[in-house]
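Q: Please take one close look at how chains meet in the model below. I would like a connected account, with the cut-offs behind each term given as you go.

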Amino acid sequence: MPTLLRRYGIWAAAMIMCGVLPLIFKSSFSISLLSQMGISIIFALSYNMLLGQGGMLSFGHAVYLGLGGFLSMHALNKIGGGALPLPLELLPLVGGMAGVVAGVVFGWLSTDRSGTTFALISLGIGELIAASALMLPSFFGGEEGISGNRMVKMTLTGFKFGKSVEVYYLIACWMLLSVGLMYLLTKTPLGRVANAVRDNPERAAFIGYNPRSVRTLQFTLAAFFAGLAGGLFAINYEIITAEMVGAHPSGSVLMMTYIGGVGHFFGPIIGAVLVTFMQQSLAGITHAWLLYFGLLFVMMVLWAPNGLAGLIMMHEPVWKAGLLRRLLPSYLAILVPTLVMLTGIMILVEINYHLSLSINPDDPLTLFGIAFNARSPVAWGLAIALAAVGLFFFRKMVRWVNQSWNEVTQAMKGADR
Amino acid sequence: MLEYLLFSVLNSLVLGMLLFMLSSGLTLIFSMMGVLNFAHASFYMLGAYFGYQITQAVGFWPALVIAPLLVGVIGALVERYGLRTVHKYGHVAELLFTVGLAFIIEEGVNLIWGRNAMTYPVPQSLDFPLFTLFSTEFSTYRMFMLLISVAIFIGLYMVLTRTRIGLIIQAALTHPQGVSALGHNVPMVFMMVFGGGSALAGVAGVIGGIFLITEPAMAATLGPIVFVVIVVGGMGSLTGAFVASLLLAAIQTFAVGLEYSLTDLFALVGIHGQVSGLLEDLGRIQLSHTGPILPYLFMVLMLMFRPKGLMGKRES
């Protein structure tokens, strides 16, 4: 029983969580947030099949999401017109197949080399598709995109999918299924060989695996899941525009996967949940959310290249050794100057956005419930002072954190002996 | 027809030399550090915005000097405190750092100057038609752009081949360890090249921001084109970048004037008919509308069949 629990417990917990969450957060905002998180999780995990598991840095992964979405939308309109006998629940498979077709073609063309060449080809293909989207209005729908109606008669489950919570459960089911499949894929020989090709293509070729075939296969499977996410996107939003195949979603999936961490399977899930949450909640509060997102990304690249998952897993041995308590004081101590510094930077950013974007810059700006004039030198001075003081103490505390980290590692080494 | 040809050649020269100013810096940085700098076009954008702001304050001519210098200093700082920090995590991390930097610069420009395009007009001293051929005028500003970029091309060539620092740079491109062993400060050379490349992008921004448009999306529009240039020309090859810049500019300029479609092409060999279904527009696209996709098509084909590029010596 304990081994069973250890092995499947996390999956059971995930299922229960997916079932219970919409019962706790009932507002339409949180339901749509949860649905978007589900789609992002599939998309980010599929991206990590390339970057994390296959060592292919792609700048055009949204092509497969978008193509899947567009074909699903066309199929949805055919289902609605009675021309295609396919239950709505299986519609994402259409998107997945679109991804597979595009993935085989573009994958074979681009996977001869990895590294910079692959990155540039993926960028080129992405720009190519995005630019031709505006030239083929009957497929991509031109400027206004293509819309559909998900309330079709053909369903398997009897749900009408008029309510967004029903769509949420559909997305959750597909999400759990895809996550499970992608996890199992990492355990298959293909997943292992993909890792081998990532680490050393020459040696992989030497023991008889053609790196290009392995990469193409991995690429195609990733494109399948991306297309599936696109199909779910089509069902969820009932509209899809040419922007979906463009550089923007390609860039943001790269960033969310990297922030989550490419080295661990669950990293992209964390990234997708966090970034989607930021996207949906911060975008409503501040114009500057993209700037914060970019800053977060660059900070992760500079100081935590293994992402949030890497940071978490770094502490696993410490936790097992029972030494986490020794780290806590320094962590709590660094939290204070960090928050002070971030508050200062945030005030500065918000003041600037207020001055450059609002209709009348002399209108009072409200931050943390305090209304003030954005031009007032007091606000500027306070913000700069907060940022500077925060930075000063932050640097001091970094030393303390490093010191206690070293002590803990020493203690663990000692315990080993 | 002659008029169309002549002006297309002149315009593609102007655009091509602008592209070369951007791609020369990028290709030098790439061959030296192996880093594809995604933020290079962002330095071009910074150049345009700085140029706009300084023109407002003290006029165009000082801006032409000050703005690129500022951009160069920013570039050097980015190399010193950003790229050098992530260098230990490998090339992917360096590349991603520049991606994030491009993102931040675009948002920073939004933050400071707002989301609308700036009114950044041609300076008055250059705002008159230089000559009129047949019935079309050629503006002085275009000629000025051409002269500036040719001067920079010659200057760059001279510096790289005729001066001591140029020789050190050339040596550091291929044998950084050897150069370092001879007692030269290679990290310093890297920083200078990065700063210099950024400054060149800044010059391109100051004059290109007037010629094209100064808006927060300008980096994202031009950035991929510059990549196409250095890929087609061959990564790390200055001559290749020069040829490819002119070639791409010519393709883009000439395609605008040609109104043929696939249907016409098939009709030419005797096949008539219409594509139907979801891709029915495919036959109707005219060559003049394919301007935006041609460079990328060119790049993808190049990478697949001749990854060295036109003049490159090595693959990625």
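A: Two residues are in contact if their C-beta atoms, placed from the backbone, lie within 7 Å. The model is predicted, so that local features need pLDDT of at least 70 and side-chain atom pairs count only at pLDDT 80 or more, while totals for chains, interfaces and linings use all residues. Residues are numbered from 1 along each chain as its sequence is written, with chains lettered from A and ligands numbered from 1 in the order in which they are written.

Within chain B, 76% of the contacts with a separation of 6 or more join residues 24 or more positions apart. This chain holds 12 helices and 2 strands (DSSP runs numbered from the N terminus, helices being H or I of at least four residues and strands E of at least two), and its elements run α-α-α-α-β-β-α-α-α-α-α-α-α-α from the N terminus on.

The contact between the chains draws 38 residues from chain A and 41 residues from chain B. On the side of chain A that touches chain B, the elements giving two or more residues include H5 (115-133), H11 (247-260) and H16, and H5(A) gives the most, with 12 residues. By class, this side of chain A has 26 nonpolar, 10 polar and 2 charged residues (Ala, Val, Leu, Ile, Met, Phe, Trp, Tyr, Cys and Pro count as nonpolar, Asp, Glu, Lys and Arg as charged, the others, Gly among them, as polar).

Helix H16 (residues 324-357) of chain A packs against helix H4 (residues 91-113) of chain B at an angle of about 60°, with the axes 6 Å apart (axes are lines fitted to C-alpha atoms over the stretch in contact, and angles run from 0 to 180 degrees between N-to-C directions). H16(A) and H4(B) are therefore oblique to each other, since angles under 35 degrees count as roughly parallel, over 145 as roughly antiparallel, 65 to 115 as roughly perpendicular and the rest as oblique. A:Val349, A:Asn352, A:Tyr353 and A:Ser356 make this contact from H16(A), and B:Leu111, B:Ile112 and B:Trp113 from H4(B); by class these are 5 nonpolar, 2 polar and no charged residues.

Among the buried residues of H16(A) are A:Val349 and A:Tyr353, along with A:Glu350 and A:His354 (buried means 20 or more other C-beta atoms within 10 Å of a residue's own, exposed 12 or fewer, partly exposed in between, with C-beta atoms placed from the backbone). The 34 residues of H16(A) reach 46 Å from first C-alpha to last, close to the 50 Å expected at 1.5 Å a residue, the expected span being 1.5 Å times one less than the number of residues.
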